[in-house]
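Please keep the sequence and the structure in view while reading.

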Amino acid sequence: MEKKGFINKFFQNAGKPEGFLGRIILRGMNKGHAPLTRWARSCLVWQPEWNTLDIGCGGGANLSEILKLCPQGKVHGIDISQESVVFARKKNMKHLGTRCFVDQGSADRLPYADNSFDVVTAFETIYFWGDLHRAFIEVKRVLKDNGFFLICCEASDPTNETWTSRIEGMVVHPGSELKYILAQSGFTNITLHRKNKEDLCIVAQKQSSNN
């Protein structure tokens, strides 16, 4: 029973990594999520000059990869966890303050100006966003016209409680629900990609104000 309690405490850090256990989780995420996030990034044709925001940037591995995909652009990361912010900054120290910027904050109150980014990404994080409609509206606000919103999840079956039974506050959303909320939030050209098991990637676009 004590062992189960420790395991649950360990995985609780997935939502908001803190302290020593949080740093272990972040290292594990950077390595363990790499195949999934590589596949998700391939669902978008990246442009070298794009400016990108990665919400829930965690250990910063995706920031590193996006810096390579957009060598002429800038990459911002934001995470609710201060531990993640510190970790992601160290991971991307080479470009920190010039092409890479990492802040603490939440998806529903983004500290960025309107029309700031060509792409907003969310890898393995929307489970913890709460009111998705409110957060998606914020994402749309900071996106440029015709900009892309990329969502990646390895859990998309709400009846599978493998992780939700261990991680307090985690909510799994099926692809159909995500597509509906994106449409209700004003996104268009919504495409859903499937991989193995529950893996999904959704790419949606902010409609131009001229349309």
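**Briefing on the predicted model**

I151 has its place in strand β5; strands (E, at least two residues) and helices (H or I, at least four residues) are DSSP runs, numbered from the N terminus. The model is predicted: local features need pLDDT of at least 70, side-chain atom pairs count only at pLDDT 80 or more, and totals for chains, interfaces and linings use all residues. Residues are numbered from 1 along each chain as its sequence is written, and side-chain values use heavy atoms, with hydrogens and water left out.

**I151 and its surroundings**

- I151 is buried, its relative accessible area being 0%; buried means under 20% relative accessible area, exposed over 50%, and partly exposed in between (1.4 Å probe, protein chains only).
- Although I151 and A122 are 29 residues apart along the chain, their C-alpha atoms are separated by 4.9 Å.
- Setting aside neighbours within four places in sequence, I151 is in contact with A122, I126, F136, L182, L200, C201 and I202, where contact means heavy atoms within 4.5 Å.

**The nonpolar cores**

- A nonpolar core is a set of buried Ala, Val, Leu, Ile, Met, Phe, Trp, Tyr and Cys residues joined through side-chain atoms within 4.5 Å.
- The largest such core has 33 residues, of which W129, F136 and F149 touch the most other members.
- Two or more residues of this core come from each of β1 (52-55), β4 (117-123), α6 (132-142), β5 (143-153), α7 (175-184), β6 (187-194) and β7 (200-206).
- Helix α6 gives the largest share of this core, 5 residues.
- Beyond its neighbours within four places in sequence, F136 is in contact with W129, F149, I151, L178, I181, L182, S185 and F187.
- A second, separate core holds 22 residues, including L67, V102, C152 and C201.
- In soluble globular proteins, nonpolar side chains tend to be buried together.

**Helices α6 and α7**

- The axes of α6 and α7 come within 9 Å and cross at roughly 55 degrees; axes are lines fitted to C-alpha atoms, for helices over the stretch in contact, and angles run from 0 to 180 degrees between N-to-C directions.
- That angle makes α6 oblique to α7, since angles under 35 degrees count as roughly parallel, over 145 as roughly antiparallel, 65 to 115 as roughly perpendicular and the rest as oblique.
- On the α6 side the contact is made by L132, H133 and F136, and on the α7 side by L178, I181, L182 and Q184.
- V142, found in helix α6, counts as buried at 0% relative accessibility.
- V142 and Y112 are 30 residues apart in sequence and 6.5 Å apart in space, C-alpha to C-alpha.

- H76 lies in strand β2 (residues 75-79) and is buried, with a relative accessible area of 18%.
- Apart from neighbours within four places in sequence, the contacts of H76 are T52, L53, D54, L63, F101, D103, Y112 and F117.
- In helix α5 (residues 82-91), the buried residues are E83, S84, V85, F87 and A88.

**Positive phi values**

- Most residues other than glycine have a negative phi.
- E124, which is not a glycine, has a positive phi of about 55 degrees; E124 lies in the loop between β4 and α6 and is buried, with a relative accessible area of 13%.
- N189, also not a glycine, has a positive phi of about 50 degrees; N189 is in strand β6 and is exposed, with a relative accessible area of 55%.
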